[in-house]
Amino acid sequence: MKRRASPFGVAPMAFLLIVACDCSDVVATRCVDDTDCDGACVGGRCELPDAARDVAFDAPDGDTNFCLGTGPLIVVGDTATTCLGRVAERSFRYAICTCDGVVTSAEVRTDSFDSRRGSYMPPGEAGGSLGTNADLNASAPWSIGGSFWSSGPNGWTSDARLEVAGDLRLQGRLAGDVVEVGRNAFVGGGVQAGDLRVDGVLTVPTGETIRAERSEVIGETVREPVEIPRPCACEDRVDITSFVAAHRDDNDNAAIELGADALVNVSSSDRLELPCGRYYLSQITGDVPVVIRATGRVALFVDGDISVRDLRLELGDEAELDILVVGNVTADALGLGDVSTPARVRMYVDGTGTINLSADSVFAGNLYAPRAELVTRGPAEVFGALFVERINASGPLDVHFDTGVLGSGDRCEPPPDCESCGDCPSIQACVDGSCGECRTDADCCAPLLCVEGACLPSLI
């Protein structure tokens, strides 16, 4: 089993904040009271020192809280708020999450890095989990740097090699030529392999077969029922349509004289630069390249389709961009963000069409499109995360998961109480109705693991 170094080195509990300010030297850690921090301890996390908190982009509407990351994405009435960063934390815990499976005859590889600590460096670090609510159709090796979850009834049946650095959780059968699992394996059907290695515990229901034709190395075997919950929240989707509708009239367009139809049927290459704020467009269409550049913390709401020749989403040095699209996204080439900071770009798509990722696309962001199929044309390299209905890959697919996206909600106010782990900051668990330290892996939102009281990406 190939080992990857921990992305957190010798200090796994330190996280750099992603906010719209120069906070590269500010560390947010778990805390009990103010004495554990340079600033205040709020909700178990150290707040930014006052000097760092005062640095912000000028918001068109004067909402410096939004520019610092603490302002809500939308406000409904006087009480209901949704913090943008918390939406990202809930949506992007896996490098790949699919509602309706993965189809490929080529290799799939995942690993991770943390853009808060630097750019991606091959061969990557431990982490980068894959989850699917359906079955898999694979005939080439898969190498998963984190955990691998599948609630589909057929499991993994392939002549190819399967290497999972974290946990393997299959509702169905496990069959492969070479299978290596770095932690524990939970398999609801039988197990058959040429070479089988499980470093931790292999759990298989009573009566199901465990067979290795050439070699077998298993830390421990347990016989008990296996039930794998659906890893991807495909039914409880982000309400993109309501978010966009809420900002049809409540936006910052007037401050920069931006018309809602400014990018409709554009006939020549267009470039839109957006300072910190919330902006609304009816749609983005035209047979030309379109570049959208954020220079601050930007939320862009698109009330229809994006259909252009090329779409490029660019960031200023300290900017971040959330773009929510009611319709489909169609482009010959799709360029998202910067490969050194993919956690800062999040695209949410409610459409049901096909999103094509061509070989010349630069994909450095996080795509949430649970009703759309992602089709790759030839080899594809993704920096960030994919949450889609289905992946149809015609060439090798490499996904380098940026664990920095799990800190997107660091500046969101913690909830006073919780019903599930998804209500809490990603590092925390929901225990007895309150957000706090986890006790076991089961307290954390899958596939995060409980490490010294904190829910972290799958690390070896």
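1. A disulfide here is a pair of cysteine sulfur atoms within 2.5 Å. Cys444 and Cys455 form such a bond, with an S to S distance of 2.1 Å. The coordinates come from a predicted model, and the structure holds 7 disulfides. Three of them are discussed below.

2. On the Cys444 and Cys455 pair: the torsion about the S-S bond is about -80 degrees, so this disulfide is left-handed. Cys444 sits in the loop between strand S34 (434-436) and strand S35 (449-451), while Cys455 belongs to strand S36 (residues 454-456); the two are 11 residues apart. Buried means under 20% relative accessible area. Cys444 has 7% relative accessibility and therefore counts as buried; Cys455, at 3%, is also buried.

3. Cys97 is joined to Cys232, S to S 2.1 Å. The torsion about their S-S bond is about -100 degrees, which means a left-handed disulfide. This bond links distant parts of the chain, 135 residues apart: Cys97 is in strand S7 (residues 96-98), and Cys232 is in the loop between strand S20 (210-223) and helix H4 (240-246). Cys97 has a relative accessible area of 2% and is buried. Cys232 counts as buried because its relative accessibility is 2%.

4. Cys99 is bonded to Cys234 with an S to S distance of 2.0 Å. The S-S torsion of this pair is about -100 degrees, so the disulfide is left-handed. Cys99 lies in the loop between S7 and strand S8 (102-104) and Cys234 in the loop between S20 and H4, so the bond ties together parts that are 135 residues apart in sequence. Both Cys99 and Cys234 are buried.

Methods
Residues are numbered from 1 along each chain as its sequence is written. This is a predicted model: local features need pLDDT of at least 70, side-chain atom pairs count only at pLDDT 80 or more; totals for chains, interfaces and linings use all residues. Side-chain values use heavy atoms; hydrogens and water are left out. Helices (H or I, at least four residues) and strands (E, at least two) are DSSP runs, numbered from the N terminus. Buried means under 20% relative accessible area, exposed over 50%, partly exposed in between (1.4 Å probe, protein chains only).
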